[in-house]
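Hi everyone, thanks for making time.

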Amino acid sequence: MQLGKNYLNINFTSNDSICLKKQQQETLSSTYAAFLPVYYNNKDMQTNNLSRIFKSYALIKEKSIGYKELKTFKAPYIGEGKIYKLDNGHKVIILPKPGPTVVNTFVKVGSLNDPRDIQGISHLLEHYIANGVNTSTSNSGTDTISTMGVNFSAGTANSYTQYKFKSNDCSEKKLEKILEISSKVFDLKNFDKESFDKEKAIVLRESNSPGNLDVSFSQKLISKFFTTNKIKDKFVGDEESLQQITGQKIIDHYNNWYNPDNMVTTIIGNVDPQKTIKCFSKNFGRKNNIRLKNKERFYQPIRKEINEPCSFELDGGNGDNVITTIGYLVPKSDSIKSKVCLDAFNFLTLMGFQFLSLNNLPSSPQAIVYTNICKLNEEKDSTNTINGLIALYTLNPISDESLKMTQLQLKKDFLIATESSSELSELLGKSLVTSGDIKQYTDYLKVLKGLKAEEIQNFLKNYLTLSKQQKYILRQNTSPKKLDSTRKVGFRGNLNKIDTSSVKEYDLDNNLHLVIDSAPGIAVTSGTFEVTNEGLTRRYRAGVYEILNKLLNQKHHLSPKCQTHAIDLLLYLKKENFGICFNCLPEKTQVAMSLIKDVFSKNTFTKEEFEKAKNNTKYEIQHNFKSKAYELAYNEISKDDLNSKGSDENILKNIDEVTLNDVNNLYKEFLANSQFKAVLTIPREYAQKYQKELVNFIDKSLPKFNKLKNNNKNSHISTLLSSKKKSTIVTEYSKDDTVCINKLFKLNDSISLKEDAALEVLDKILGYSRDSLLYKDMREEQRLAYALGSSYLARRILNIHVDTQAPVQLNNKTNKDNLRKSLEGINKAFSNLANKPSTQEELFLAKQFAKNLLLENVETSCGRNAILAEGLSTKYEINYINKKLKAIDEVTSKDIQNMAKKLLNQSFAISLKANKEMIDKNKEYLSSLGELKQVIA
C-alpha cells in the first residue's frame, strides 16, 4: 500500500501470499474510484497484511472524500458560501441563495490562447461541447437540458470559456441531472466527427459574417498589448485558420486545457453545499489530470508596460459610423482597487471603460478598454471629450459630496447584482478565474467604503494617461467628400431639415394615398397601412375591440407565409384606426403585399377562430392582474386611447356576452366607410427596379375606400390634455429596500405640433441628462435618488422615473421618507418650470437632445416609416419631420412655462414598487393623490 499526497495506491500481485478475491477488488475499486486509482498486479507490494490494508482504507475514508473545503466566505447581504477543491484540482464555489439555480463552469482558456495558425480553436471547441450539452441525456435516457426546462448558454472570451446552466425551479434531483449531463460532455472520450464538422461549418459562417465589426476592430487594439502581435482580426478565427483545425487538433487542445486543475465551477441558488459538493464530486471527480507530452499551454507574451501613445486610423467601416477604441494596461496585482476606481470614474463621467483579462497568469496585467461608436467627423470630439474628462479628474479630485454619492450608487449597483444568481455566478467565477481569488466580490464593499478621492486621482494619473494610450479609429469606407449630398440624416450637417427628395406620393384609383420612400442607406422594406373611420355608427360592448385585435393577429401574424418568408407583421386597433405594420427583406416585399391584400379582403372569421381569440384575450387580461405596477399604471393612463373597452375588470365581466357577429360587424364597419393611407420605405435599388410594379399591384389588388379628406389635425391649440379625471396610484410590494417610482401623464393625440415640440423640450430639461432639473436637485443636492430620468414615450405619454431607497430606521425613528420626498421632488421640478423661465443654456441643450433623438430614428427603415406614417396623420404630411425640427427650434421659455402649468393640473398615474412597510406607512398620503390600487400577487 502506498499513500501519496492526493491518491491512495493499493498494489496486488498474484505471487503475494495474501491476495484479495476478485469480488473484494471490485468492491474497493468501485468504492474509491472517484478519488483512489486502484492498480492490480504491481510488484511493488509493500505489505501482505490484509488487516493493515483495510485499517488503512478505513483511515483514509474518514480523512479524504474526494474533495476538501478550502474556504468559507461571507457573501454580503446573502450569507455564507464555500470554496472547495476536488482531488483532481477542479475548484467549486457554492453559495446558497433563494431564487434560480445557476451552474456556471469556467475553463481558463480563451481566444488569446489560440496559436496564430489555429486562431478560433477555443471558440470552435466551445461550440462542439455546447452542442453535446444540448443533445446529451441523463442516465435515464430521456432527460435532456431542454426537456428539463433548463436554460443553457456558452461563450468564449479573451482568457476563459464558460458554460452556464440556469433553472428557475431546480430541485435536488434536477441539479443532479444537470451535473450528470454536463460532466458527460466535459469528458471528451468519444469524439463525434459528424458533430464536429457541423459545428465547424457554423463557426465558418460566423467568421464570414460582416457583422461584429466593432468586436474585431477592438481586437486590433488588443493586439498592440502583446509583443508578438500574432493575433488575427477575428476572435472566432478566419476561414484560413479554421480550415486548418482538425478533429485531432480539437482533442489535443481539449486535453491540454480542459483539465480539472484549469476549471472553476460556481453553483449558486437554492442548494445545500454539503449535498451539492458530494454530487459534484461524484460526477466531476473521476477525470485525472492528463497533459499531452512535450506540449505547453500557449500564452501570448504581454508587454510589461506602454510608455508612449500610439494611434491608428483606418478606413473600412460601413455606413456613417466611426468606431473609436482606446486602451491602457493596468497591473493585475492592483485589480481590486483599480476596479473600484474605474467603476467610480465611469459613474462620475458616464463613460464605459471596462477591464479585459488578457490571460490568466498571476503576474499578467489587464487591459482597460473603451469603445465608442460616433458619427462621421465627430471622432475627434469623441476622443477629446474622453481625454478632457480624464484630465479634469486627474487635476481636480472629486468633492466629498460627489465621492459619497458615488459610493452610494456603486453600493446600490452591487446590491442589485447580488439579487441575481446569474450575475453572482459571473462575478464569482470570473474573479477566481482571472485573479485567482474572489476578493473582487468579497472585498468590493470594503474597498469601496474606504475609497478616497485621491485614490481615484492617482489611478487616473498612473494608468489612464495620454502618454500610455493606445487608440484606433475606424472610419467608413468612402471619403466624406464622396457622400450623397442629398442625404442629410444624422448628426452631421444641418440639424434643422431632412431631405425628402426620395419620397414620392401617389393618389391611387382605389382612393389610397400612398407614400413611397427610398432614401439612401435603407436595407429592408418597412410598411404601414392604416384605415381611419371617424364615424363608427355602433357602440360595441367591452371586449369586442380586444377579441378583434387578437383575431387579426393570430390569423395573419402567425400565418405560414409570415414564418416561411421571415415577415414581421403586426396589426393594431384603436378607436378610429385599424392598421398594419410590417418589415421584411426587399425581395419579400411582394409576398408582404399579398398578406396585406388578405387582411383587407377577407373580412369574416370562423367560430373556431373567434373562440380561440376570446379565450386568449381572457387569459392575457387575467395574467395582467399579476403584472408589475408600472405595466398596470401604463395601461391605466393609456386605456382611453386604445378603444372604448373600459376597465380590464369590465372586459372580463362582459366578454362572454360578446358574439362572433359583434366582431364581424365591427370589422366590416371599419372597412366599409374608411379612408386609406399607406407608407412604404424600401431600398433604393429595389425601388428603381420594382416601384412601378409595386404601385400597380397595390392599386389593383386592394379594395376601394372612401376618398381621403383634407387633414386639419394638429392645426391649432385646442384640447391639450385628456379631460380631468381622478389620478391612479398602483403599488407593488418588493423584497428589498429599493423604491421605484414612475409618474405618467397621458396627452391627447390632437395636440398641436407646437405643443408637441414644447413637451419634447420640457422632457429633456426635466430629466434627460446630468444637467437636468431632477438630476441636479434630487441626486446632486438632496442625494435622494440614485437613478432618475424623464422620457416622452410612444402614444404621447410622459414618464418621470425615480429610484431611491427605503428610509433608514434609527431608534425607532425614520430619518428620511424617500418615497414622499421623491414624489414631492417631481412636483417641485414642475413648479420650478412653471414659475421660473428656463435659461437659454437649458433650452439650447434640451433642443439639441430632442433633435438628435428625432434624427437618430430617421436612419432606419422602421424609424423613417414610422415618422412618415405619423406625419400623414397631420396637416404637414411628409414634411412633418422637418416641421417638427423647426418647431423644436422655435420653443421658448414661455412655452415651457405654459406646458408645465397645464401638466401640474393634469391627472396622472403613478406606479410604486417598495417594501410593505414603506407602502403601508404612506397609504394615507398616497390616497390623497388619487385612487389607490394594489398589484395582485
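Let's start with a cysteine: C584 is buried, because its relative accessible area is 4%. Buried here means under 20% relative accessible area, exposed means over 50%, and partly exposed is in between, with a 1.4 Å probe and protein chains only. C279 counts as buried too, at 14% relative accessibility.

For the record, a disulfide is a covalent bond between the sulfur atoms of two cysteines, and the test used here is a pair of cysteine sulfur atoms within 2.5 Å.

Quick housekeeping. This is a predicted model, where local features need pLDDT of at least 70, side-chain atom pairs count only at pLDDT 80 or more, and totals for chains, interfaces and linings use all residues. Residues are numbered from 1 along each chain as its sequence is written, and side-chain values use heavy atoms, leaving out hydrogens and water.

Now a strand, β24, residues 738-746. Helices (H or I, at least four residues) and strands (E, at least two) are DSSP runs, numbered from the N terminus. Eight of the nine residues of β24 are buried, so the strand is largely enclosed by the rest of the structure. Who are its partners? Strand β26, residues 797-805, runs antiparallel to β24 and is joined to it by nine bridges; there, I741 stands opposite V802. Strand β29, residues 909-914, also pairs with β24 in the antiparallel sense, over five bridges, and C740 has K913 as its bridge partner. To count as paired, two strands need at least two bridges found by DSSP.

Next, T731, in strand β23, residues 728-733. Its relative accessible area is 2%, so T731 is buried. The side chain of T731 makes a polar contact with the side chain of Q934, at 2.4 Å. A polar contact is a pair of N or O atoms within 3.5 Å; within protein, one must be able to donate a hydrogen and the other to accept it, and residues adjacent in sequence count only if both atoms are side-chain atoms. Not counting residues up to four places away in sequence, T731 touches several others, including A629, L912 and L932. Touching, or contact, means heavy atoms within 4.5 Å.

That brings us to L932, in strand β30, residues 931-934. Buried or partly exposed? Partly exposed, because its relative accessibility is 28%. The C-alpha atoms of L932 and T728 are separated by 6.1 Å, although these residues are 204 apart along the chain.

On to the nonpolar cores. A nonpolar core is a set of buried Ala, Val, Leu, Ile, Met, Phe, Trp, Tyr and Cys residues joined through side-chain atoms within 4.5 Å. The largest has 55 residues, and L762 and F830 are among those with the most contacts inside it. Helix α25, residues 753-767, gives the largest share of this core, eight residues. Leaving out residues up to four places away in sequence, L762 touches L798, F830, L833, I896, M899, A900 and L903.

One last check, on helix α4, residues 172-185. At 1.5 Å a residue, its 14 residues should span 20 Å, and the end C-alpha atoms are 21 Å apart, which agrees. The expected span is 1.5 Å times one less than the number of residues.
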